[in-house]
Amino acid sequence: KNWEIIVIDDGSTDNTKEIINNYIQQGVLIKYYKQKNKGFASARNKAIEMSSYDWIVIIDHDDICFNDRLEKHLQQIKAEPNTKLFFGDTIHINDKGDHIDTHFRKFNFSKIELDKISVANSLLYFGCFIDSESVMFDKKSAVKVGGFNEKYKYLADYDFFIKMGEKYKFSITFEKLSYWRVHNAQ
């Protein structure tokens, strides 16, 4: 029941504002903020700042959430209330919507540890086994680690996950939570 949509328009040159305003006129509660293009780390930090709630869920312009994603995250919070970052699997699709792969297929989770500090080490050793479109994290914890590093153009998510993992325990669900559209313009 208690959720909000925050759209950070990071200097888009398309009709994003008109699309969002159309949804707002239909009664969808959206906080919209347009900024000069500063990169996705800046946009994420602004969304965290604008958020009214304790938990943040990321979805980028080329991702698609499953309809039950928030419900699955809520179940994770209830099961592990002291955990500060939750994530799940994602399905990678092409620009036609065809299934390409799943993210977790590339990793051996029997060797990956999710406890505080161990998860940061696992991220460094095994690579980024977390897709940002599957993440939900505690707002206060994100602020304490400094949010997303705006100096990084591509690795800000990975860096953020490592910083969070140095201080907090993570939790995984092997359920699929989102689609990630993989394309040449990334």
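# Close-up views of the predicted model

**View 1. Arg44, Asp60 and Asp157 are linked in a salt-bridge network.**
Aspartate 60 counts as partly exposed, at 26% relative accessibility. The model shown here and in the views below is predicted. Aspartate 60 forms a salt bridge with arginine 44, and the closest N and O atoms of this pair are 2.3 Å apart. Buried means under 20% relative accessible area, so arginine 44 at 8% counts as buried, as does aspartate 157 at 12%.

**View 2. Aspartate 9 and lysine 34 form a salt bridge between their side chains.**
The structure holds 11 salt bridges. In the one shown here, the N to O distance between aspartate 9 and lysine 34 is 3.5 Å. Aspartate 9 is in strand S1 and lysine 34 in strand S2, so the contact ties together parts that are 25 residues apart in sequence.

**View 3. S1, helix H1 and S2 make a right-handed β-α-β unit.**
Helix H1 of this unit spans residues 16-25. Strand S1 covers residues 5-10 and strand S2 covers residues 30-35. The two strands pair in the parallel sense, over six bridges.

**View 4. Strand S5 pairs with S6, S7 and S8.**
Strand S5 takes in residues 85-93 and is mostly covered, nine of its nine residues being buried. With strand S8 (residues 170-181), S5 pairs in the parallel sense over nine bridges. With strand S7 (residues 136-138), the pairing of S5 is antiparallel and has two bridges. In S8, the bridge partner of phenylalanine 86 is serine 171.

**View 5. Strands S5 and S6 form a hairpin with five residues between the strands.**
S5 and S6 pair in the antiparallel sense over three bridges. Threonine 102 in S6 stands opposite isoleucine 91. Within the hairpin, glycine 97 takes a positive phi near 90 degrees.

**View 6. Isoleucine 117 has a positive phi although it is not a glycine.**
Most residues other than glycine have a negative phi. The phi of isoleucine 117 is near 70 degrees. Isoleucine 117 is in the loop between strand S6 (99-102) and helix H4 (118-126). With a relative accessible area of 46%, isoleucine 117 is partly exposed.

**View 7. Cysteine 65 is in no disulfide, and neither is cysteine 128.**
A disulfide is a covalent bond between the sulfur atoms of two cysteines. The count of disulfides in this structure comes to zero. For cysteine 65, the nearest cysteine sulfur is that of cysteine 128, 17 Å away. A disulfide here requires sulfur atoms within 2.5 Å, so cysteine 128, with its nearest cysteine sulfur 17 Å away in cysteine 65, is in none. Cysteine 65 counts as partly exposed at 31% relative accessibility. Cysteine 128 is likewise partly exposed, at 24%.

**View 8. Trp3, Val57 and Leu70 form a nonpolar patch on the surface.**
Together, Trp3, Val57 and Leu70 have about 280 Å² of accessible area. Where does tryptophan 3 lie relative to S1? Tryptophan 3 belongs to the segment before S1.

Notes: Residues are numbered from 1 along each chain as its sequence is written. This is a predicted model: local features need pLDDT of at least 70, side-chain atom pairs count only at pLDDT 80 or more; totals for chains, interfaces and linings use all residues. Side-chain values use heavy atoms; hydrogens and water are left out. Buried means under 20% relative accessible area, exposed over 50%, partly exposed in between (1.4 Å probe, protein chains only). Two strands pair if DSSP finds at least two bridges between them. Helices (H or I, at least four residues) and strands (E, at least two) are DSSP runs, numbered from the N terminus. A crossover is right-handed if, with the strands pointing away from the viewer, the path from the first strand over the helix to the second runs clockwise. A salt bridge is a side-chain nitrogen of Lys or Arg within 4 Å of a carboxyl oxygen of Asp or Glu. Patches are made of residues with over 30% relative accessible area and no salt bridge: like charges are joined within 9 Å, nonpolar side chains (Val, Leu, Ile, Met, Phe, Trp, Tyr) within 5 Å. Accessible areas come from the Shrake-Rupley method with a 1.4 Å probe; for residues, only the protein chains shown count as cover.
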